[in-house]
Structures are given as C-alpha cells and as structure tokens.
Amino acid sequence: MTLIEHASGDRGLETGQDASVGSTVVGPEGHPMTENDLPPPNTKRWVMRRKAEVVTGVRSGLISLEEACRRYTLSVEEFLSWQRLIDSHGMRGLRATRLQDYRDGQLHDRSRVDAAE
C-alpha cells in the first residue's frame, strides 16, 4: 500500500489495484464519480471540470493513463501537464485562459501585465 495525495489535498491509501467497473470514487467537485461520469470520447471543449474528471479517473484507477490518452486523443505530456496544474494550483489552474499566468510554476500578477500594456 502507498500513501497518495489527491488533487483536493486529501490523502488516501492506494492498494495498487485498479477500481473495477462500476466502482465509485470522489470526483473533483466532491461528488461520487464512476466510469460513466467521465467525459465522452468525442469531447471537443475541454473545460477545467472535464480535465479534472479525467485526471481523477486515472488517479483512482477508473481508467488507465493509456486508455485516457487513446480515448481523448491526448499526449501523455498533455495529461501530465493537467495533473501538474491541479497539484500546483488546484482545479482553477486548468483554466485555458489563465495558463499564461501559471507559467514557470508561479502565479504571475496579472494587474502588472495589464498595466504595462
């Protein structure tokens, strides 16, 4: 067993076993989530909630990393960037319009950038 830290900051034990089909885990917004709650394979609009659901699904074993990348046509690097943003900044770090504010692992002061423009 391994102690893991989830995006929410909660810690839990990972047994090394994948969640079976029909298993329920706590989703990124605190609600129960099953494999059926994952975004559909044809998702085009990646809002932060959907990205967080995929990361949660992989971390909890609802779906493997390989299956998530195949199903959503993601590169491993893209998935890992979502995971890093959640770990560093929470779900809000996944907002596409804010990505530039989270570069280099630091939250940049947007008001200084706007004032300079």
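Where pLDDT is low, the predicted coordinates should not be read in detail.

Some ground rules. This is a predicted model, so local features need pLDDT of at least 70 and side-chain atom pairs count only at pLDDT 80 or more, while totals for chains, interfaces and linings use all residues. Residues are numbered from 1 along each chain as its sequence is written, and side-chain values use heavy atoms, with hydrogens and water left out.

Now the overall confidence. The protein averages a pLDDT of 76, and 63% of the residues score at least 70. Confidence is lowest in strand β1, residues 2–5, at a mean of 37. It is highest in α2, at 97. Helices (H or I, at least four residues) and strands (E, at least two) are DSSP runs, numbered from the N terminus.

On to the rings. Rings of Phe, Tyr and Trp (its six-membered ring) pair if their centres lie within 6.5 Å. Planes under 30 degrees apart count as stacked, over 60 as edge-to-face, and the rest as tilted. How many aromatic pairs does this rule give? The count is two.

Take W46 and Y72. Their ring centres are 5.3 Å apart and their planes stand at 90°, so this pair is edge-to-face. W46 sits in the loop between β4 (32–33) and α1 (48–60). Y72 sits in the loop between α2 (65–71) and α3 (76–89).

Next, W46 and W82. Here the centres are 5.2 Å apart and the planes at 45°, so the pair is tilted. W82 lies in helix α3, so this pair ties together parts 36 residues apart in sequence. W82 is buried too, at 4% relative accessible area. Put together, W46, Y72 and W82 form one aromatic cluster.

Now look at α3 itself. It has 14 residues. From first C-alpha to last it reaches 20 Å, close to the 20 Å expected at 1.5 Å a residue; the expected span is 1.5 Å times one less than the number of residues. Which residues of α3 are buried? They are F79, W82, Q83, L85 and I86. They cover an arc of only 160° around the axis, which puts them on the same side of α3. That arc is taken from the directions from the helix axis to the C-beta atoms. On the other side, E77, R84 and S88 are exposed. What covers the buried residues includes α1 and α2. After α3 comes G90, with a positive phi near 75°.

Last stop: the core. A nonpolar core is a set of buried Ala, Val, Leu, Ile, Met, Phe, Trp, Tyr and Cys residues joined through side-chain atoms within 4.5 Å. The largest one has 19 residues. Those with the most contacts inside it are V54, A68, Y72, W82 and L94. α1, α2 and α3 each supply at least two residues of this core.

Terms used. Buried < 20%, exposed > 50% of the residue type's maximum accessible area, 1.4 Å probe, protein only. Contact = heavy atoms within 4.5 Å. pLDDT = per-residue confidence, 0-100.
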